[in-house]
Amino acid sequence: MRVTRRGFLQVLGGTATGAALIKQRLVKAEDAGQDLNKWATPEEVVVPSICQQCPGGCGLLVRTLDGEVAGISGNPLHPINRGTLCPKAFGGLQLLYDSNRLKGPLARDGERGRFRPVEWDEALSMVTARLSDLRAKALAHTVAILGGQYRGYRDTLWKRFAQAYGTPNYIRVRCLPPEKPALAHRLMQGVTTPLGYDLGEAQFILSFGAGLLEAWLGPVHASQAFARLRRSEERPRGRFVQVDPRRSPTAIKADRWVPIVPGTDGILALGIANALIREGLHDKEFVEEHTFGFEDWRDQRGEPHEGFKDLVLREYGLLTVSAATGVPVKTILEIARDLGTIKPALIIGERGPAYGPDDLHTRMAIHSLNALVGSIGVRGGLLIQGDLPLAPLSPVKQDEGAQRGLGQARIDGAGRGEYLLASDAPQVLAERILSANPYPINALFLFATNPLANHPTKAELARAFDRVPFIVSFSPFLDESSSMADLILPDHTYLERWQDDQVTHLAGFTCFSLARPAATPLHQTRNTADVVLQLAKALGGSIAQSLRWEKFDDLLRAGARGLYEARRGYVVSPYAEESLRKILERQGYWIPEFKSFDDFWEALGKRGAWWDPTVLPVSREALHTTPSRKFEFYSTGLKRLVDEAVKREGKTGSFVRALGGQDRGDLLFLPAVAVPSAQEPGEFPLRLNTYRLMSRPTGGGKNQPWLLEQPAVHVRMTWERWVEIHPKTAAGLGVKDEEWVWVESAKGRIRLRAKLYAGTRPDVVHIPLFGGEGPSANDLIANEVDPFRGFGLLNTTRVRIRKA
């Protein structure tokens, strides 16, 4: 056989190739074995985090396998939830892994609603150029930032950015801001930090429409307090009364459900006050020593003023109150007698949505009951925790451009005119943007909010958005609002980012929660807090100096140093260690656990929270920082605001009109709620009431099917929305259970499935506000003026039902 040089080289190459293939397959087989072994024994790491599905702030433990999130459970060390969770928390997994999440930044491509992918550098350059241009033209104030439901250092960061840049328009679109003191508490007690309802130590709780066990400040913490009310080895079983037009899950668990005509809660509270005073059941010592304006009085000029007692006894007789509220006289008397004899008692009147047009005086009337029974500054009543000892930040540096911009009025009018007492007024945004009053909005930022779905003015806002030249959304999804944006810079989900939560509104402790990323980001998204810092650095000057941190976790670390240096409180730890600390504290000792701040920071990241459970005795005088240094039935703080408004605007100014008009006299400053006159049902005979389910996260949860599948057990419904109708009302309309009906208001109509539910007044229908498929109640709700909260009245719209 003749072998040529070419043939020899070909055989040699084939042999080498064959050997390489065999070696490659052997390597692959070996790798496969290693992969199989790795799959069978993954590295498991548990990372503390914070649930962001509602304002509750429950602590989480996120189970990761080889860096991928595989499960969620409650953090047993966390003081808010102690290891327990509600259904919403588990939806975080579907939020993280949702296939509809945006994979990276998008820029508008032609008409709005069409996008093209862009790189982060290009996207940030676009924002920086637009912001720099507006600032150079002295138009910094024409930038608006809309924020949703969040608290802590993300709120701090946006505030500092707005103040340094020069826009007064940092506007929050939310129903319940727990980090601020309630308006009624502020006007009647003068407090500047939130009061905490000590639910766990109360023996009698009277709740006016607050969904304690569903969607209040935090259903898990409230449920644990409710369990203690119901079953404790240390004391008798407590009592709970729920006042609500609907027999909600909270009302079902109550000892007594009191169905009421919607919007008459304040009148009922004053009727209960009438019974307490007439029967001598009020706390006379507290009223005499710690309140102002209970009896008739004269001012420094000798002019007489009516007191709370005479007002209540004259205007709110039990028959009058019963006729207005639909609550029997016998029930009013029994509630008053329970309040006056079961101690400590607690009255809750701080739910999310407004009670009605006279929301301020309604909340004042309800809060006056806490003073009448002496439940302020006592365990089982209303307590104050104070602020977290976080390290103070340096003042925001403002150059001439920032000062000029901040000197402009806010676009929403909050803090002046009829919205003088509102911190934000998103309900007027659409009108103000469309009319360019007091100026046009040239750039709009949307963070953690979807107003085109979740606000009653969504149709008007959509038209207003068309007038804004540049809209930036930070939504991780292409939702109703982000689809109108010119640029989308998608945020991480909360399991992928650094974040904190600051709790000062729960009785008995203050808490700082810390979450570090539990998973490597799945997509080309970024923590919006980091993006804000990058924008500040790019804008330069005083803006960069005011937001000098390289990353958001640098800011968190800087703030947490104050906790370490405060020489009080602890990083959460197992129960046995906490018990030992309590014993030492009773003897006057506080023992530091860490030798350095680095050790403290590492432990905080591993355990998830710092808290101060020490219940320091606070005098009742310290709880009353009003001019009189007492609880004020007659609010001198409100009187001062009205006098100042009259000087600016005259007696017919918008703020005085919002309170009811100058002709009301002293009634403007007392918890006086007008008794409505009887009205004919008219074209829309039914009252619409909206509510939130425990299983639906704030904002809706359309992208979390686990939660949409959770049944509303009282009507056995899942997935889609429905309308609850009393069986008698349905029979009169010829409507059967689960039939399709039209729900119509003066604003519009929606098609829903009818569910017959006896747990309601016959003249009221109910629609869940968030979550589920189908049309929204926001398509029916009129944008009625809400001067004290600025969001809008959600439960005053009248409707009718027709078969579809």
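Q: Which residue of E23 stands opposite Ser513?
A: Ser513 faces Ala609 in E23. The model is predicted: local features need pLDDT of at least 70, side-chain atom pairs count only at pLDDT 80 or more, and totals for chains, interfaces and linings use all residues. Residues are numbered from 1 along each chain as its sequence is written, and side-chain values use heavy atoms, leaving out hydrogens and water.

Q: What makes E21 and E23 a pair?
A: Strand E21 (residues 510-515) and strand E23 (residues 609-612) share four bridges, in the antiparallel sense. Pairing requires at least two bridges found by DSSP, so four bridges qualify. Strands are DSSP runs (E, at least two residues), as are helices (H or I, at least four), numbered from the N terminus.

Q: Why are E20 and E22 called edge strands?
A: The open sheet has the order E20-E21-E23-E22, with antiparallel pairing. Strand E20 (499-503) and strand E22 (570-571) each pair on one side only.

Q: Which helix lies across E20, E21 and E23?
A: Helix H20 (residues 552-565) does, running at about 35° to E20.

Q: Why are H8 and H11 called roughly antiparallel?
A: Helix H8 (residues 265-278) and helix H11 (residues 318-325) pack at about 160°, their axes 9 Å apart. Axes are fitted to C-alpha atoms, for helices over the stretch in contact, with angles from 0 to 180 degrees between N-to-C directions. The classes are roughly parallel (under 35 degrees), roughly antiparallel (over 145), roughly perpendicular (65 to 115) and oblique (the rest). H8 and H11 are therefore roughly antiparallel.

Q: What residues make up the contact of H8 with H11?
A: Ile267, Leu268, Gly271, Asn274 and Ala275 in H8 meet Leu318, Val321, Ala324 and Thr325 in H11. Contact means heavy atoms within 4.5 Å. By class, six are nonpolar, three polar and none charged. Ala, Val, Leu, Ile, Met, Phe, Trp, Tyr, Cys and Pro count as nonpolar, Asp, Glu, Lys and Arg as charged, the others, Gly among them, as polar.

Q: Why are H4 and H18 roughly parallel?
A: The axes of H4 and helix H18 (residues 528-539) come within 10 Å and cross at roughly 20°. That angle makes H4 roughly parallel to H18. Their contact includes Trp158 and Phe161 of H4 and Val532 of H18. Its residues divide into 10 nonpolar, one polar and no charged.

Q: How do you know that the rings of Phe161 and Tyr165 are stacked?
A: Rings of Phe, Tyr and Trp (its six-membered ring) pair with centres within 6.5 Å; planes under 30 degrees apart are stacked, over 60 edge-to-face, the rest tilted. The count is 25 aromatic pairs. For Phe161 and Tyr165 the centres are 6.1 Å apart and the planes at 0°, so this pair is stacked. Being four residues apart in helix H4 (residues 153-165), Phe161 and Tyr165 are separated by about one helical turn.
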